Amino acid sequence: MRIATIRVYRRDMPLPFVYRWSGGRSLGALDSTLVEVETDTGLIGTGDSCPWGNQYVPAFAGGVRAGLDEIGPALIGADPRCLADINRRMDETLYGHPYVKHAVDVACWDILGQHTDMPIHDLLGGRLIERVRARIGTPSGSPGEMVAQLRERAKQGYFHFSLKVGDEVELDIERLRALADALGPGQTMVADANGGWQPHEAVRVLGSVAGATNIYVEQPCRTYEECLQVRRATALPMILDECIVDVDDLLRAHADKALDILNIKIPRVGGITRCRQIRDLCVSLGIGVYLMDTGNTEIAGAVTMHMAHSTPSRSILGVWDPNDWRQEDIATDIPVAGDGHVWIEGSRPGLGLTFDRKRLGEPVAVYQG
Ligand code: MG
């Protein structure tokens, strides 16, 4: 089986509101790039890459399409079932840019699943957890607004929240205390600063809720070294996110005892193949994981859930409910959410999605032999 054609589509995805997070960053719409990999046997695998705007991590939508222009031609003729070879070809053609390679890696896993008639989570080791806890975000706002959002989400059945902080210290202290007070029995919260604090600010804010047993802290500062400094000054469980992008980063953080939990954004590490390597290492080292995408497409949701279902239940802390905030669907058989959990129904092969391909429009690029 050989790759015959790769088609690239652009998809604009407005959010239902302007999302704001630390450092004055904001986002009103996502720009997703969808990739179809078609083989000489007629199988079509689908993947995508949807960065969270231009300000979150070193990834942007224009970069996905420019990167595909480089790696697309090098993949024609390769066997898409041989994921190590696919990733080797991509790495030899383009150094870095894992978020570009993510889209192709996912499409090739989709093909492998269809070819073997197995869902991707079975290819990754089997369905080890039936339903996965959702972590639901409360965008930045006043303490009162954020408490109101949390209560609204709690009514919908969610019980694990992500509080976006990382702004001015006094305001963050007020927010954290208000939300910690609003949490009910069995409810927990992640204070995610997205790298917005300096270490001295983080230590002050986290000190204001010292002793809390229902709060985690995530990526308090931008750099790994700053996060490590904060880690040594707080007893709250530490989640690292943006500053860990590969196995080397993880091994260093483990050796430094810098984290309890890793939030793996699958496109940030370069797709299912690389994510599995990092996820499995975390499981072996006793580090918990969140699994998430940076966009909220149907594909992002399916990829996240295949990774999540194949993770031991004790090791997975949660997933972002990937259906949240998407206003229009181009696929059915998407993951299901309810009672604060997310899961895939059934065991369809590959990603398990059914696409309405007419809705993709015309490709913006085509690569073929
Ligand atoms: Mg985060």
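View 1. Helices (H or I, at least four residues) and strands (E, at least two) are DSSP runs, numbered from the N terminus. Both D192 and D241 are buried, where buried means under 20% relative accessible area, exposed over 50%, and partly exposed in between (1.4 Å probe, protein chains only).

A short note before the next views: residues are numbered from 1 along each chain as its sequence is written, side-chain values use heavy atoms, and hydrogens and water are left out. Because the model is predicted, local features need pLDDT of at least 70 and side-chain atom pairs count only at pLDDT 80 or more, while totals for chains, interfaces and linings use all residues.

View 2. Look for Q219 in the loop between strand 7 (215–218) and helix 8 (224–231). At 1% relative accessibility, Q219 counts as buried. Leaving aside neighbours within four places in sequence, Q219 is in contact (heavy atoms within 4.5 Å) with residues including D192, N194, D241 and C243.

**View 3. Domain 1 meets domain 2.** The domain assignment, automatic or from a database, gives domain 1 (3–117 + 354–368) and domain 2 (122–343). Their C-alpha centres lie 24 Å apart. Here 41 residues of domain 1 are in contact with 43 residues of domain 2. Together the two domains bury about 3,300 Å², 59% of it on carbon and sulfur atoms; buried area is the accessible area (1.4 Å probe) that two parts lose on being put together, summed over both. Y56, H102 and W109 supply 18% of the area that domain 1 buries against domain 2, more than any other three residues.

**View 4. Salt bridges cross the domain interface.** The rule finds three salt bridges across the interface of domain 1 and domain 2, each a side-chain nitrogen of Lys or Arg within 4 Å of a carboxyl oxygen of Asp or Glu. R359 forms a salt bridge with E328, with the closest N and O atoms 2.7 Å apart. Helix 3 gives the most to the side of domain 1 that touches domain 2, with 10 residues.

**View 5. F161 sits buried in strand 5.** F161 belongs to strand 5 (residues 160–164) and has a relative accessible area of 1%. The C-alpha atoms of F161 and G137 are separated by 5.9 Å, although these residues are 24 apart along the chain. Not counting residues up to four places away in sequence, F161 touches residues including I136, L150, L183 and V190.
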